[in-house]
Amino acid sequence: MASLGVSNLSFGLAPQARPVLNSVMLYHCLQAGLDMAIVNAAHVRPYAEIATQERELAEDLIFNRRPDALQRYIEYFEKVAPQTAERSAAGPDPNLTPEERLHWCILHRHKEGNRSGH
């Protein structure tokens, strides 16, 4: 069995840089057979939602593809503002089934569930 504390990877990086590196690392570890991950879902993003340039910077660092990968990663995220906006504040469609609402909440990382009260 292989397990990983995902956020340990990004300690010391700027807050806006951590979710990308954590998410890309988690994605590749799962592809390689990771059995269990310890992760705060609020600190990762779905791999498909990460911009191509950001994924490439993270993969350069993870796979040691460039000698300046860490420097490039840090410099890129120094120019990115920390995200302060709430994600998908509108909440799930009230016409969804309970299972679909649960799926929506997990996918969009809403720990409060359906905000419409259903």
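Leu 102 counts as exposed because its relative accessibility is 53%, where exposed means over 50% relative accessible area, buried under 20%, and partly exposed in between, with a 1.4 Å probe and protein chains only. Leu 102 belongs to helix H4, residues 98-107, and its C-alpha atom is separated by 9.0 Å from that of Pro 92, ten residues apart along the chain. The coordinates are those of a predicted model, in which local features need pLDDT of at least 70 and side-chain atom pairs count only at pLDDT 80 or more, whereas totals for chains, interfaces and linings use all residues. Residues are numbered from 1 along each chain as its sequence is written, and side-chain values use heavy atoms, with hydrogens and water left out.

| Residue | Relative accessibility | Class |
|---|---|---|
| Leu 102 | 53% | exposed |
| Asn 64 | 63% | exposed |
| Glu 49 | 46% | partly exposed |

Asn 64 lies in the loop between H2 and H3, and it has a positive phi of about 55 degrees although it is not a glycine. Glu 49 lies in the loop between strand S2 (36-38) and H2, and its C-alpha atom is separated by 9.8 Å from that of Val 20, 29 residues apart along the chain.

As for the overall architecture, the protein has four helices and two strands, arranged along the sequence in the pattern β-α-β-α-α-α; helices (H or I, at least four residues) and strands (E, at least two) are DSSP runs numbered from the N terminus. Of the 118 residues, 31% count as buried, and the accessible surface comes to about 7,800 Å², of which 54% belongs to carbon and sulfur atoms, the areas being computed by the Shrake-Rupley method with a 1.4 Å probe. Among contacts between residues at least 6 apart in sequence, 47% join residues at least 24 apart, a contact being heavy atoms within 4.5 Å.

In soluble globular proteins, nonpolar side chains tend to be buried together. Here the largest nonpolar core has ten residues, namely Leu 13, Ala 17, Val 20, Leu 21, Val 24, Ile 50, Leu 57, Ala 58, Tyr 73 and Phe 77, such a core being a set of buried Ala, Val, Leu, Ile, Met, Phe, Trp, Tyr and Cys residues joined through side-chain atoms within 4.5 Å. The elements that give two or more residues to this core are H1 (18-31), H2 (52-62) and H3 (69-78), and the largest share, three residues, comes from H1. A second, separate core of five residues includes Val 6, Met 25, Cys 29 and Leu 34. Leaving aside residues up to four places away in sequence, Val 24 touches Tyr 47, Ile 50, Arg 55, Ala 58, Glu 59 and Ile 62.

The buried residues of H2 are Glu 54, Arg 55, Leu 57, Ala 58, Glu 59 and Asp 60, and what covers them includes H1 and H3. In the contact of H2 with H3, Gln 53, Glu 54, Leu 57, Ala 58, Asp 60 and Leu 61 of H2 meet Ala 69, Leu 70, Arg 72, Tyr 73, Tyr 76 and Phe 77 of H3.
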